[in-house]
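Please read it alongside the sequence and the model.

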Amino acid sequence: MQNENEAGDATPRKMTGWFGPTFFGVRDRARFAAGLEQMLGTLGGGWASGIFTGDNLITFSKNLSFLEDEAFMAAVARHATNEVERSIVWRTAVLYWAARNGLRRPGDFVECGCYKGTSARILCDALDFGDLPRRYWLYDLFEYPPGSSHTRMPEIGGDLYERTRARFADLPNVWVVKGSVPEVLHAGAPRQVAFLHIDMNAVAPEIGALEFFFDRVSPGGIIVLDDYGYQGYRDQRDAERAWFAARGCHVLELPTSQGLIIR
Ligand SMILES: C[S@@+](CC[C@H](N)C(=O)[O-])C[C@H]1O[C@@H](n2cnc3c(N)ncnc32)[C@H](O)[C@@H]1O
């Protein structure tokens, strides 16, 4: 891409930042990309740096500090291998922040709805989780019963459970658990949690996970609710906002669409 600088001269200037291609809900990708390029091309002078595109975010002139974190970015390069995973890197950086802060609190890490384990694997690498005296519990259905109303994830079913377990085979303190949240939690779950990530795209299991885990999250521990800010998941936002409000807590909706709570 090129842009005009503030003096109005059309000297080509390289834009810097993170350019993720995935925007959810776009019908005409080519037109959207052309419009985006045109819009960014209007940026002048030093404003054409610190650009982030992707995951329905368009920002410029931001520090994007996570791009400077070598351990994090190396893990992203290793494990975020498709367009969506690369486009949601800012969300993953929020998880990284939450998990790092979790390390200052007692307890295990939990993800409800791990799917392929991509974000958890990035956090494990960036934090050297294998060397830590904690466990990371990853729950997922891994397959849907016929006729279920779950959001269709492309790789659900088949050998996804086995592949996800294999992805963490080198980390004996990461446990991949197959089953339906919240029921499966009664068969095995940590008593104390320092970092809780909930990402199941459905109201009932997400509220069920909160009911089960909230009292187990250590004071100062972090809870991240994926999709809390996406309009397509407004029913989740409504239910979770009311659930937390009843406990005197307020969820921060982040620009990444995640909801953030500090216990
Ligand atoms: C959007 S994906 C999760 C992506 C993942 N958190 C990541 O960061 O890569 C949602 C996942 O929630 C899982 N899920 C939905 N309902 C569930 C339930 N009741 N119990 C366990 N997992 C569930 C789905 O199988 C799916 O893999």
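Helices (H or I, at least four residues) and strands (E, at least two) are DSSP runs, numbered from the N terminus. This is a predicted model, in which local features need pLDDT of at least 70 and side-chain atom pairs count only at pLDDT 80 or more, while totals for chains, interfaces and linings use all residues. Residues are numbered from 1 along each chain as its sequence is written.

**Ligand shell**

Helix 5 (118-127) and strand 5 (136-140) each provide at least two residues of the shell around the ligand. A residue is near a molecule if its C-beta atom, placed from the backbone, lies within 6 Å of it. There are 19 residues around the ligand, and Gly113, Tyr115, Ser119, Asp199 and Pro205 come nearest. The table gives the make-up of the shell by class; Ala, Val, Leu, Ile, Met, Phe, Trp, Tyr, Cys and Pro count as nonpolar, Asp, Glu, Lys and Arg as charged, and the others, Gly among them, as polar.

| Class | Residues in the ligand shell |
|---|---|
| Nonpolar | ten residues |
| Polar | six residues |

Seven strands make up an open sheet of mixed pairing, in the order 6-5-4-7-8-10-9; two strands pair if DSSP finds at least two bridges between them. Strand 6 (174-178) and strand 9 (252-253) each have a single partner strand and stand at the edges, so one side of each lacks a neighbour in the sheet. Strand 5 pairs with strand 4 (residues 108-112) in the parallel sense, over four bridges. Leucine 138 in strand 5 has glutamate 111 opposite.

**Domains**

The chain is divided into domain 1 (1-63) and domain 2 (65-262), with bounds that come from an automatic or database domain assignment. Taken over C-alpha atoms, the centres of domain 1 and domain 2 are separated by 30 Å. Nine residues from domain 1 and twelve residues from domain 2 take part in the contact, where two residues are in contact if their C-beta atoms, placed from the backbone, lie within 7 Å. On the side of domain 1 that touches domain 2, four residues are nonpolar, four polar and one charged.

**Whole chain**

The chain contains eight helices and ten strands. Its radius of gyration is 20 Å, close to the 18 Å that the globule rule gives for 263 residues, so the chain is as compact as a globular protein of that length. The radius is taken over C-alpha atoms, and the rule is 2.2 Å times the number of residues to the power 0.38. Along its principal axes the C-alpha trace spans about 65 × 40 × 40 Å.
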